[in-house]
Amino acid sequence: MQPIHILLLIACYFGILLLISYFTGKNAENDAFFRANKQSPWYIVAFGMIGASLSGVTFISVPGWVEGSQFSYMQVVLGFFAGYFIVAFVLMPIYYKLNVTSIYQFLEQRFGIVSYKTGAFFFFISRVLGAAFRLYLVAIVLQKYVFDEWNVPFEITVILSIVLIWVYTFKGGIKTIVWTDTLQTLFMLLAVAVAIYYINNSIDWSFSDFLHAEDLKKYNDIFVFDSFLVKNHFFKSFIGGMFITICMTGLDQDMMQKNLTCRNLKDAQKNMISFSTILIVVNFVFLTLGALLFIYAERFDIAIPVVDGKVKTDLLFPEIAITGGLGIMLTIFFLLGLIAAAYSSADSALTSLTTSFCVDFLAIEKKDKDDQIKTRKITHILMSLVLIVVIIIFKYVLNENVISNLLTVATYTYGPLLGLYAFGIFTKYKIHDKYSWIVALCSLLITIVIANIPPKLLGGYQIGYELLPFNGLMTFIGLILIRRK
């Protein structure tokens, strides 16, 4: 498939998104942009959230992670499932009761303005980095298979990617995204199904043959119980996955903003539980695809791509789909799935960053109505510029699998949020609010120091995802120290 054909495909795809944006963005009021007027059907939100949760990271990076970690990622996914129940029945009732636009307004009501700004700040950093990770993956794929041939710099590729998102979200915001995410989830799941079919067909396997093949056995180990010292031990992965969900969904304005567009709490809870159940199956399918990709690459002597001298297992899926000789249909569906996977999370990230910055830092609700819309639009542009800069920086600093980087960053930035919310929900203490940012910062620094202790100094113990609840615990203890008598 020629680069010009790929660009035409992308143009057609975004034409559809712009059409959806036209119909959903007719009302440019802030309530539609921030909360979709609280009229979103729960089942539409649930289906769309699959794509937003998986993103380009799952679409490319999880299959590429299979060689190094096998199917042990499913241990984390099972933890996700437990975490979604806590989000649905502990956190969401609080948000609906308070009728918040930004979920960090809870911290203002519970502790004060400094805690509120601290929570919003940590979300801002977390979401900028998370969205940049996801878009970085798409940008390097487009760069390698399209723009390199035309000698277009990587920086221009990134700018074009962000501009496309801005164009279809700047009016409708979350109201548009609820519906575009549904379309994007569909394309992503179709892409995976088509890829599995074509690869199996090329090896002369049925799907049943693949599941019973000896080749699969060296990739499909799920549970790790051998030694508690290893990073991916079941208990550490499960607990870490549970807290990752609590933080990256329940304490994340991006994910909760979609849930808060449902008509009522009951609908939002139905959305969360149905979505989390489907997510287990979908993640397993992605790991299955990953094993199939490595089996295919080994059989047909396809080398794992190298970018800037670094081996990138993240790029094995696009390498096989685009240049692996499996036909034009797989290439088309892969590209549609890739674009859908990336932009289904990136568009909502851009909208949630705009929402959080407007509400949490600019107090937009206190401005005149005309000034509110103007402020929102300017902020939307500024958030786009921030993402562009961070993605370009990533090109020069990332050297690991992207999902590994993403989860590592989450243990640092979401820990203070976890501690603040846990202290606010499970205790009745007031605190000296002006010191809360110091507690959060100290917790972050302590966690970074501990994360970088060599395993040999800990008797061979490898620190994993349990670092996130530890980070939250440090914040919790710090808040106890600054509580009011």
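Is K217 buried, partly exposed or exposed? In this predicted model, K217 is partly exposed, with a relative accessible area of 48%. This residue takes part in one of the 5 salt bridges that a search of the whole structure finds, while the corresponding search for disulfides finds 0.

- E214, for its part, is exposed, with a relative accessible area of 57%.
- In helix α13, K270 and D267 are likewise placed 3 residues apart, about one turn of the helix, and they form a salt bridge whose closest N and O atoms are 3.5 Å apart.
- K270 is partly exposed at a relative accessible area of 35%, whereas D267 counts as buried because its relative accessibility is 11%, under the 20% cut-off.

- K218 forms a salt bridge with E298, the closest N and O atoms being 2.9 Å apart.
- This pair links distant parts of the chain, since K218 sits in the loop between α10 and α11 and E298 in helix α13, 80 residues apart.
- K218 counts as partly exposed at 44% relative accessibility, and E298 counts as exposed at 52%.

**Cysteines**

- C358 counts as buried, with 0% relative accessibility, whereas C442 counts as partly exposed, with 39%.

Methods
Residues numbered from 1 in each chain as written. Predicted model: local features only at pLDDT ≥ 70, side-chain atom pairs only at ≥ 80, totals over all residues. Heavy atoms only, no water. Disulfide = S-S within 2.5 Å. Buried < 20%, exposed > 50% of the residue type's maximum accessible area, 1.4 Å probe, protein only. Salt bridge = Lys/Arg side-chain N within 4 Å of Asp/Glu carboxyl O. Helix = DSSP H or I, 4+ residues; strand = E, 2+ residues; numbered from the N terminus.
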